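Please read these points with the model open beside you. They are meant for someone seeing it for the first time.

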Amino acid sequence: MIAADLRLRRLLIGAAVACYVAVLAAFVALERPGFGIAHFYYVAIVLSAMAAGPVTGAAAGVLSTALYAVGIVFNPHV
């Protein structure tokens, strides 16, 4: 049972990391005013919170904010 829980946590964290990478790449490459691609960071935040709890979810929110700021620097259309 514990191995299954650990496997699920790893899967959720891996999915959150993949979501962060995909959203940042899409934001930098495709974002224009009104598209709202950055709203998909919510998925990564929820996956992180489900995997490790509310404190990790809050840290994921801070990471999402930082990645959004980085995306704005690299995307001149926003």
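1. Basis. The model is predicted, with local features needing pLDDT of at least 70 and side-chain atom pairs counting only at pLDDT 80 or more, while totals for chains, interfaces and linings use all residues. Residues are numbered from 1 along each chain as its sequence is written, and side-chain values use heavy atoms, with hydrogens and water left out.

2. Length of α2. Helix α2 covers residues 41–52; helices here are DSSP runs (H or I, at least four residues), numbered from the N terminus. Its 12 residues should span 16 Å at 1.5 Å a residue, and the end C-alpha atoms are 17 Å apart, which agrees. The expected span is 1.5 Å times one less than the number of residues. Gly53 follows α2 and has a positive phi, near 110 degrees.

3. Tyr41, Ala44, Leu47, Ser48 and Ala51 are buried (under 20% relative accessible area; exposed is over 50%, with a 1.4 Å probe and protein chains only). These residues lie on the same side of α2, because they cover an arc of only 120 degrees around the axis, taken from the directions from the helix axis to the C-beta atoms. The face turned away from the buried side carries the exposed residues Tyr42 and Met50.

4. Cover. The buried residues of α2 are covered by elements including α1 (2–30) and α3.

5. Val73. This residue is in helix α3 (residues 54–74). Val73 counts as exposed because its relative accessibility is 66%.

Note on methods:
Helix = DSSP H or I, 4+ residues; strand = E, 2+ residues; numbered from the N terminus. Contact = heavy atoms within 4.5 Å.
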